[in-house]
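Hello,

Here is the structure I promised to pass on to you. Have a look at it first, and my notes follow below.

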Amino acid sequence: MIENNYFSENADLQENFQSIVDWKEIIDGFEGDFEDHKEYQKNGKDELAMAPGSYEDALEYYKSILESGGEIAGKQIAPLAKDMDVEGLKYSSGKVTFPEAMVKAVNQVKDAGILPYSIGRHHGGLGIPATVQTMMMELFSRADGSFAITLGCLNLAETIERFGSPEMIEEYVPKMASGELFGAMALTEPNYGSDLPNLQTKAVKDANGVWRLTGAKRFITHGCGFEGIPAVILTLARTGTPTSGARGLSFFLVKSSDVFIAGIEKKMGLHCSPTCEVVYENSPGVLIGEEGYGLVRYSMAMMNGARLSIAAQAMGIATAAYMEAKKYASEREQFGKTIQNIPAVRKMLSAMDREISGMRAILLEASRSIDLYHWKSERLKLKGGDEKEIRKDETIRKWEKLANLFTPLSKYYITELANKIAYDGLQIHGGAGFTYDYDISRIYRDVRITNIYEGTTQLQVVAAIGGIVSGMSAKGHLRQYFEEEFSKISTSSLLNENKETFEKIVEAYSSVENSSLRDEVAFEVVESTARILIGLLLERSASRLKGEAKEKKDLLAREYNLETKAILAGNKIEIENRQGQLTFA
């Protein structure tokens, strides 16, 4: 693996941090009036000591965290990735053993003080916006996908912060922030993968009023905890009747010491990420939130966060694939020249570079949408605001709707393209890439799961299509977003032309009355939406740059939008053709 600071030595990431991201609006939304800093000055609470007191302080604080994360990821974790992958995990009698190098790596992150990156400051976390969190996930994922997921599980404390009782928060979140407790999310069952409304794990109250869970969960990452550190397993279980559907599901906190780990999966990739089968046998659990809202409110919120996290994981793995392929192509000689000078290879590298930039653009825009609604509402709650009144805030409602669309959109797009980039990265390595001598083989194996877990691409399409159709209505949130963002910059005629085609695609889709056909062509609509959004974001990015960086981004945006023109034309024909076939039949 290339060993350098994965934050400071990534040119596109640096451009985004320094020039493209609108930090003013994010800091205003996340930090509010810098209440945490004011509280520290008043009460001297140690956990708020690092809270920034100004816009400049906040930006420097975020930068220092990312620089530290980039240094550890690129110079300490990346060199260990191959050995960790080869050694893998060991399972025996309910216990999972991790590679010693991985334990050492987790401790390095812990010692650096950047372990609890998604946990609030009041409970021992770093307290940083989603935009910075996704950058952190990308950095560690570039070093090793398994390791990044381990850090992500530690940060599941954010869900308890949002929905747990004050007593639950106080008991568990600070321990997770300090690395004394791990987290795991347990939704999937052996016979119910994405069909969560029909899962069957039961939760009933005993004579003492304690909830007891019985059933089995499958594909539960870190359900075993981590090398002697226990986990709290956030579990979806049925409190209603077997046929009560989503409304009969509730959300529980269950200790890993009260379940049995029946085994771990033997996987093609992510060899150091334990994918556990968890058995509940009358296991005690603590109800999170209200009974009956486990899926529709708490699990869905947790999954949205997890989906953005997986998009960031795929972003990091794709970056690794591109960087490794670029390095190999600059060193490998064939026909008297390095293969980067062979037109076919040069074209592949150029396409990878273009897609990496587009993927990062949509990832950061999805993160922005979360920062502009979630943290503002959380600040208002801390000030004693009524939750129902907060949800009526027009700005909050607007960005919440966009976040609910941009999250599945980015998860679908980034994970699919990450797979293609890893594929092309291996191809550039040739036969050498098919061996374990080069890291690209591990990267290729690790990335494959990203467009499957936390909801397959097909499920992301289902999650996004409704928001696109309603959002593009006359007064829809997506239409308003496009109108606002297009008006802020001087968009190219090519992008404007693509937008017109996109609107025709949505119109054609909306006119399809046959529900089965609509399902069949929903992907074309979702893909078109992602392409238009990214094309806009790339042109907006170029408008915020200067000099050579601007010229490069302008060219990149044009190439991307030219490709989009062809894709949208094909998608329009596909929808109209299928519609015609149905009419003819």
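**What I found**

The protein is divided into four parts: domain 1 (1-155), domain 2 (166-288), domain 3 (295-444) and domain 4 (457-579), with bounds that come from an automatic or database domain assignment. Between the C-alpha centres of domain 2 and domain 4 there are 39 Å.

Some ground rules before the details. This is a predicted model, in which local features need pLDDT of at least 70 and side-chain atom pairs count only at pLDDT 80 or more, while totals for chains, interfaces and linings use all residues. Residues are numbered from 1 along each chain as its sequence is written, and side-chain values use heavy atoms, with hydrogens and water left out.

Let me start with the nonpolar cores (sets of buried Ala, Val, Leu, Ile, Met, Phe, Trp, Tyr and Cys residues joined through side-chain atoms within 4.5 Å). Buried here means under 20% relative accessible area, exposed over 50%, and partly exposed in between, with a 1.4 Å probe and protein chains only. The largest core has 154 residues, and Y62, F140, Y481 and F482 touch the most other members. Helix α14 (residues 394-429) gives the most to this core, with 16 residues. Helices (H or I, at least four residues) and strands (E, at least two) are DSSP runs, numbered from the N terminus.

Leaving aside residues up to four places away in sequence, Y481 touches several others, among them W399, L402, F406 and R540; contact means heavy atoms within 4.5 Å.

Next, S273. Its place is in the loop between β8 (260-264) and β9 (275-288). Is S273 buried or exposed? S273 counts as buried, because its relative accessibility is 3%. Its contacts, not counting residues up to four places away in sequence, are L89, S146, I149, T221 and K267.

Finally, the cysteines. A disulfide is a covalent bond between the sulfur atoms of two cysteines, taken here as a pair of cysteine sulfur atoms within 2.5 Å. The structure holds zero of them. C276 is in no disulfide either, and the nearest cysteine sulfur, that of C224, is 3.8 Å away. Both C153, at 8%, and C276, at 0% relative accessibility, are buried.

Best wishes
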